[in-house]
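Please read the following walk through the model with the sequence and coordinates at hand.

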Amino acid sequence: MSNEIHSILPEPTLRRLPWYLAYVEILKTRGEQHISSTRIARALNVDSSQIAKDLSFLNLRGKTRIGYEVTTLAEKLTEALGFRVAHRAYVLGVGSLGSALMSDSGLSNYGLQIVAGFDTDPEVIGRGDLAVPVYHIDDIEEVMAANPADICILTVPAEAAQDAADAAIAAGMKAIWNFTPYRVKVAEDVVMSNTSIYAHLALIYNRLNVKE
């Protein structure tokens, strides 16, 4: 079922589902049994009809005057988002951001297991204070053969982004999660996701200036 869901989910829906899951998980910890799309809408500022439409992609329909069963909804959202399946990842660029991600044990709750880091700085390579080993980027193919991963988390400086991505793909990585401000180019068969902290920061600054 999960493969079928992933093939039909529109990207805007996929971006909203984690919001629903986070809220439903809170309700679950409170021991609540049911939740309506109207209540989710009020909490998350999303139209209730949009929520119902999004959840219909998961073959979920709320019951009249009852809504959705909280535990079932949490399970279906987790499955649809792929958080149940473990995915192994490398971090390329073990600076402040890369180190923080490598130390974030919470990522494992969402199916992401970081198994190694890579850098070019001699002072970073071989660091023992992180949960996983750090290697030189030149060793990525050798490490890949012994301890493979599918996802490359890219946190290198912008000027090194394309070369690092190329090295990861050449080693056999199938997906790039790019945290750099540089838009790297990849082949069509490589999954690509850009998380631009700087773009969001610029958006915040812009909106703050408009309000002023």
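Arginine 15 is exposed, because its relative accessible area is 56%; buried means under 20%, exposed over 50%, and partly exposed in between, with a 1.4 Å probe and protein chains only. This is a predicted model, in which local features need a pLDDT of at least 70 and side-chain atom pairs count only at pLDDT 80 or more, while totals for chains, interfaces and linings use all residues. Residues are numbered from 1 along each chain as its sequence is written, and side-chain values use heavy atoms, with hydrogens and water left out.

The side chain of arginine 15 meets that of glutamate 11 in a salt bridge, at 2.6 Å from N to O. A salt bridge is a side-chain nitrogen of Lys or Arg within 4 Å of a carboxyl oxygen of Asp or Glu. The two residues are separated by about one helical turn because they are four residues apart in helix H2. Helices (H or I, at least four residues) and strands (E, at least two) are DSSP runs, numbered from the N terminus.

Helix H2 covers residues 11-29, and at 1.5 Å a residue its 19 residues should span 27 Å; the end C-alpha atoms are 28 Å apart, which agrees. The expected span is 1.5 Å times one less than the number of residues. The buried residues of H2 are Thr13, Arg16, Leu17, Tyr20, Leu21, Tyr23, Val24 and Leu27. Their cover includes strand E1 (34-35) and the helices H3 (37-44), H4 (48-56) and H5 (70-80).

Just after H2, glycine 31 takes a positive phi of about 80°. Glutamate 32 forms a salt bridge with arginine 39, at 2.6 Å from N to O. Glutamate 32 is partly exposed, with a relative accessible area of 25%, and arginine 39 is partly exposed at 25% relative accessibility. In total, the structure holds five salt bridges.

Two buried residues come next. Serine 99 lies in helix H6 (residues 96-103) and counts as buried because its relative accessibility is 10%. Leaving out residues up to four places away in sequence, serine 99 touches Val94, Arg127 and Leu130; contact means heavy atoms within 4.5 Å. Leucine 112 is in strand E4 (residues 112-119) and is buried at 12% relative accessible area. The C-alpha atoms of leucine 112 and serine 99 are 15 Å apart, at a separation of 13 residues along the chain.

On the surface, Leu201, Ile204, Tyr205 and Leu208 form a nonpolar patch with about 380 Å² of accessible area together. Isoleucine 204 lies in helix H9 (residues 197-211) and is partly exposed, with 48% relative accessible area. Patches are made of residues with over 30% relative accessible area and no salt bridge, like charges being joined within 9 Å and nonpolar side chains (Val, Leu, Ile, Met, Phe, Trp, Tyr) within 5 Å. Accessible areas come from the Shrake-Rupley method with a 1.4 Å probe; for residues, only the protein chains shown count as cover.
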